[in-house]
Amino acid sequence: MSPILAALLFVGALFLVIRGATLATGYALKLAESFHLSKYTVGFIIIAVISILPETFISLSSSFQGMPSFGLGMLFGSNIADLTLIFGLIVLLAKRGIRIEAKVLKNRFVYPLLLLLPLVMGLDGYFSRAEGIALILAGSIFYYTALKDEVRASATPKQDPTTRRRNVILLLGSMVLLLVGSHLTVESASVLARAFGVSPILIGMLVVGLGTTMPEFFFALKSVKRRNDAMAVGDLLGTVLADATVVVGLLALVRPFDFPQHIIYVTGVFMVLASIILFAFMRSKRTLSRTEAVILLVIWLIFALTEFWMNTR
């Protein structure tokens, strides 16, 4: 297959992923807004759960097709983009700093530690089923703790049953579109890598990983423009945490796998450091400023150049 045709197939498959995830996020938001939850909780848990579907489907599809390292690289690459590039772009496009709520900062110590967990478990270049279960439990417990008090305090849903059923059906339909696109993305990415003579892991980290951040980007940007900063911050942070724990755990649970250790030593370390720097910026006057946004963009650029050098030597 020619490189041009491979690129066209890849772009088409990635478009299905982005479109399906964007639609799913919209319908999930409609369902979530029918309950009396805070905007941060809606973003951090409800919307984040939908936002991880592209990464989940693509990583599982890569595992079934014998390319688990592609999925792992894509997950870490997507997380770094969310923590740096996406946050930076949103601040610059909004033309103002993003306000940070106190409940975001209370997780500033636990959050990086949870991101560090898959790195520690993967130091030997292997994820077992037991480690996968541990990651899923760690992420699930954190989300349960964050959600339980607000669910108890929520009132009866405001939407009528017919509207809720309609939103559920449309949400499921969007997920089907997302599933098809995810399968095609892995297949076309493999073809694209062979056509251009580069590592599939590099395609996963820098191209697919960036593409899967688009639903979070569109949702967060729209939220910030509506002055719903807490929902935007919650969505991005929640997606990253779920990817690093629950989705990596699912990948190992379905099929334990070996992977190049530089994914842990380079990509994983970038991910944890990016989270620490981001929370440090958020603590400064509880606002993410435009200057800090530019620094985050530079960090992502350094990451991209490093990965390109590591995977093309």
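In which helix is threonine 267 found? Select threonine 267 and you will land in helix H12 (residues 262–283).

You are looking at a predicted model, in which local features need pLDDT of at least 70, side-chain atom pairs count only at pLDDT 80 or more, and totals for chains, interfaces and linings use all residues. Residues are numbered from 1 along each chain as its sequence is written, and side-chain values use heavy atoms, with hydrogens and water left out.

Colour the chain by pLDDT, the predictor's confidence in each residue, from 0 to 100. The average for the chain is 81, and 87% of the residues score at least 70. Confidence is lowest in helix H2 (residues 39–51), with a mean of 67, and highest in strand E2 (residues 126–127), at 94. Where pLDDT is low, the predicted coordinates should not be read in detail.

**The whole chain**

Switch to a cartoon view. The chain has 13 helices and four strands; helices (H or I, at least four residues) and strands (E, at least two) are DSSP runs, numbered from the N terminus. Of the 313 residues, 56% are buried. Buried means under 20% relative accessible area, exposed means over 50%, and partly exposed is in between (1.4 Å probe, protein chains only).

Now show the surface. The accessible surface comes to about 13,200 Å², and carbon and sulfur atoms own 69% of that surface. Such areas come from the Shrake-Rupley method with a 1.4 Å probe, and for residues only the protein chains shown count as cover.

**Back to threonine 267**

Threonine 267 is buried, because its relative accessible area is 0%. Which residues does threonine 267 contact, leaving aside its neighbours within four places in sequence? They are Phe76, Gly77, Ile80, Met205, His262, Phe303 and Glu307. Contact here means heavy atoms within 4.5 Å. Across the chain, residues 24 or more positions apart account for 87% of the contacts with a separation of 6 or more.

**The nonpolar core**

Next, select Leu72, Leu83, Phe87, Leu115, Phe127, Leu237 and Met282, the residues with the most contacts inside the largest nonpolar core, which has 90 residues. Helix H4 gives the most to this core, with 14 residues. A nonpolar core is a set of buried Ala, Val, Leu, Ile, Met, Phe, Trp, Tyr and Cys residues joined through side-chain atoms within 4.5 Å.

Zoom in on phenylalanine 87. Not counting residues up to four places away in sequence, phenylalanine 87 touches Asp82, Val233, Leu236, Leu237, Leu278, Met282, Leu288 and Leu296.

**Two salt bridges**

How many salt bridges does the structure hold? There are two, each being a side-chain nitrogen of Lys or Arg within 4 Å of a carboxyl oxygen of Asp or Glu.

Select aspartate 229 and arginine 96: they form a salt bridge, with the closest N and O atoms 2.7 Å apart. This pair links distant parts of the chain, since aspartate 229 is in helix H11 (residues 229–254) and arginine 96 is in the loop between helix H4 (68–94) and strand E1 (98–99), 133 residues apart. Aspartate 229 counts as buried, at 3% relative accessibility.

Arginine 99 lies in strand E1 and aspartate 229 in helix H11, so the pair ties together parts that are 130 residues apart in sequence. Arginine 96 counts as buried at 14% relative accessibility, whereas arginine 99 counts as partly exposed at 43%. Together, Arg96, Arg99 and Asp229 are linked in a network of salt bridges.

**Two loop residues**

Click on lysine 95 in the loop between H4 and E1. Lysine 95 has a positive phi of about 60° although it is not a glycine, and lysine 95 counts as exposed at 65% relative accessibility. Then visit arginine 227 in the loop between helix H10 (214–225) and H11, where phi is near 65°, a positive value in a residue other than glycine. Arginine 227 is exposed, with a relative accessible area of 52%.

**Last stop: helix H3**

Finish at helix H3, where eleven of the twelve residues are buried, including Leu53, Phe57 and Ile58. Helix H3 is followed by glycine 66, whose phi is positive, near 75°.
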